Number of protein chains: 2
Amino acid sequence: MINKLVKKIEENKAPIVVGLDPMLSYIPEHIKDAAYKEYGETLAGAAEAIWQFNKGIIDATYDIIPAVKPQIAMYEQFGIEGLIAFKKTVDYCKEKDLVVIGDIKRGDIGSTSAAYATGHLGKVQVGSKSHYGFDEDFITVNPYLGSDGVLPFIDVCKEENKGLFILVKTSNPSSGEFQDKLVDGRPLYELVGEKVAEWGELHMGESYSYIGAVVGATYPEMGKILRKLMPKTYILVPGYGAQGGKAEDLVHYFNKDGLGAIVNSSRGIIAAYTQDAYKNYGPTAFADASRQAVIDMREDIMGALSK
Amino acid sequence: MINKLVKKIEENKAPIVVGLDPMLSYIPEHIKDAAYKEYGETLAGAAEAIWQFNKGIIDATYDIIPAVKPQIAMYEQFGIEGLIAFKKTVDYCKEKDLVVIGDIKRGDIGSTSAAYATGHLGKVQVGSKSHYGFDEDFITVNPYLGSDGVLPFIDVCKEENKGLFILVKTSNPSSGEFQDKLVDGRPLYELVGEKVAEWGELHMGESYSYIGAVVGATYPEMGKILRKLMPKTYILVPGYGAQGGKAEDLVHYFNKDGLGAIVNSSRGIIAAYTQDAYKNYGPTAFADASRQAVIDMREDIMGALSK
């Protein structure tokens, strides 16, 4: 799956992932009205609105992007109905041959991590049959519990040819509170980064490992160091755009081969029509605005990379 | 909710939480057979078996325990159907007036943590209506992202009079890999513990904070230190029994008032009938075996505490 991700990034000349993190406030009124008319102002109504919104954006962008990253929390907040919309979104994106990175940030003790890995990446055994639960291609994982909380995910990745992105340095303002603490003179995130590189050797693809890392665009100096510490690790970079990360800051997240990083944008793409730059599209053409935002983001990043 | 938890612990003289972490291998064949007969060897069949198994255990123990802790991963591995069984379990436990600790170990950047908090503890707005998603009483939270990943959970807890248990020192063998790293001569988990105590002041109950901590039974020396660092923090203690934690090790997790800690047992209770000590019950009386295991666990812990 890492090989497929790299190939699709090269084909599309777009080291970009679209974050499918739908807030109801991003969804045009006509979509919400139609959904509430059918299901009422219920969890099912919200889930239908999210699904229709996602479908519009996927249909308008799938041919120019390699991957999507649905953030499961945005679905889980609507309970079971929301998770049904998450599953529909994952399935539809896979139908469109997109690589699906489930942003689920799970992580627990061994047997529990194994259950999460089974549910999101693998197959669960029921009597003599086995079934996929959510079936994403990659998921994000929290490393706070250490190796025995991470290795069960890697075991399932090996069986399924799937991958992980493990949190190393997150994009949020207070990520430094614990992640930047100095251990023998070096920040904790560097130790986690080294561990990710080590775990990565357990499951290598052609040029990169199936085991990637999350490093926020908002900390470019740290990104530069982590790039060198984890040369064969693909870096998933959140925080571009709305969170403040700029294209020129992202250059050092990439290797000399022009690969090694994939930049996420959520709000900047999916809610493009609400921004000044794209407001002429209007809410009915929200998906076209998203497509244009993808094209502009690609140009912004590829421009910075070619300098 | 922390006041209710303390009150129920005192009434039952049982600082015990039953971990509802059903593996299919724990479930008696007659329950699985009936479920597969109705739904086939499908995800729905597995979910039905889990639900019937849980219901049996809850019915047999609810009058002698204060709380349950369903581990969501064990449900999530069966996809949507599994999560429906999780929700049914939460709802049924609340009907039985049990305090429900959702062991979900979520944690993300601010807006995403807010969505998880909404989905698991609070109400989500859909048009003019608002709805609960999963509606647990407490949830477990991962602190790796720092304050702005934790505070949105506390905001919802304040609105709903609900609480958290934040991971400080986990029970698994490799928890020390990052959690024990020395920062200015002190292990990281102590820094996290101090932060939990600080966050706890934002949402105090009568004698304890709504914001608790998770500290594994498998590290009693660390538990002793953390108890002192977080005097008003309720400690959720996993790792008793099957993972190796013993009652005499747990004494220092409690305060002088005999309160301040609640000990989880999962496999030791729910799969009691598979163990030598309770095998005379047999699979059809699995729930009675669980009840006896609760009584024995209570005696073990209360005995150690009274020494």
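## Interface between the chains

Two residues are taken to be in contact if their C-beta atoms, placed from the backbone, lie within 7 Å. By that criterion, 59 residues of chain B are in contact with 59 residues of chain A in this predicted model. On the side of chain B that touches chain A, helix H6 (residues 110-120) of chain B supplies the largest share, 6 residues. That side of chain B is made up of 26 nonpolar, 24 polar and 9 charged residues.

## Confidence

For the complex, the predictor reports an ipTM of 0.97 and a pTM of 0.97. Chain A has a mean pLDDT of 96, and 100% of its residues reach 70 or more.

## Barrel of chain A

In chain A, 8 strands close into a barrel, with parallel pairing. The order of the strands is S1-S2-S3-S6-S7-S10-S11-S12.

One pairing in this order is that of strand S1 (residues 16-18) of chain A with strand S2 (residues 67-68) of chain A, which run parallel and are joined by 2 bridges. Val17(A) has Ala67(A) in S2(A) as its bridge partner.

## Nonpolar core

In soluble globular proteins, nonpolar side chains tend to be buried together. The largest nonpolar core here has 217 residues. The members that touch the most others are Ile166(A), Val237(A), Ile166(B) and Val237(B).

Beyond its neighbours within four places in sequence, Val237(B) is in contact with Val215(B), Ala217(B), Leu250(B), Tyr253(B), Ala261(B), Ile262(B), Val263(B) and Asn264(B).

## Hairpin of chain B

Strand S4 (residues 123-126) of chain B pairs with strand S5 (residues 129-132) of chain B in the antiparallel sense, over 4 bridges. Lys123(B) in the pair has Tyr132(B) of S5(B) as its bridge partner. The two strands S4(B) and S5(B) form a hairpin with 2 residues between them. In the turn, Gly127(B) has a positive phi of about 60°.

## Helix H9 of chain B

Helix H9 (residues 188-200) of chain B has 13 residues, so at 1.5 Å a residue it should span 18 Å. The end C-alpha atoms of H9(B) are 18 Å apart, which agrees with that expectation.

The buried residues of H9(B) are Leu188(B), Tyr189(B), Glu190(B), Val192(B), Gly193(B), Lys195(B), Val196(B), Trp199(B) and Gly200(B). Charged residues are included in this list, among them Glu190(B) and Lys195(B).

Conventions
Residues are numbered from 1 along each chain as its sequence is written. Chains are lettered from A and ligands numbered from 1 in the order in which they are written. This is a predicted model: local features need pLDDT of at least 70, side-chain atom pairs count only at pLDDT 80 or more; totals for chains, interfaces and linings use all residues. A nonpolar core is a set of buried Ala, Val, Leu, Ile, Met, Phe, Trp, Tyr and Cys residues joined through C-beta atoms within 7 Å. A residue is buried if 20 or more other C-beta atoms lie within 10 Å of its own, exposed if 12 or fewer, and partly exposed in between; C-beta atoms are placed from the backbone. pLDDT is the predictor's confidence in each residue, from 0 to 100. Two strands pair if DSSP finds at least two bridges between them. The expected span of a helix is 1.5 Å times one less than its number of residues.
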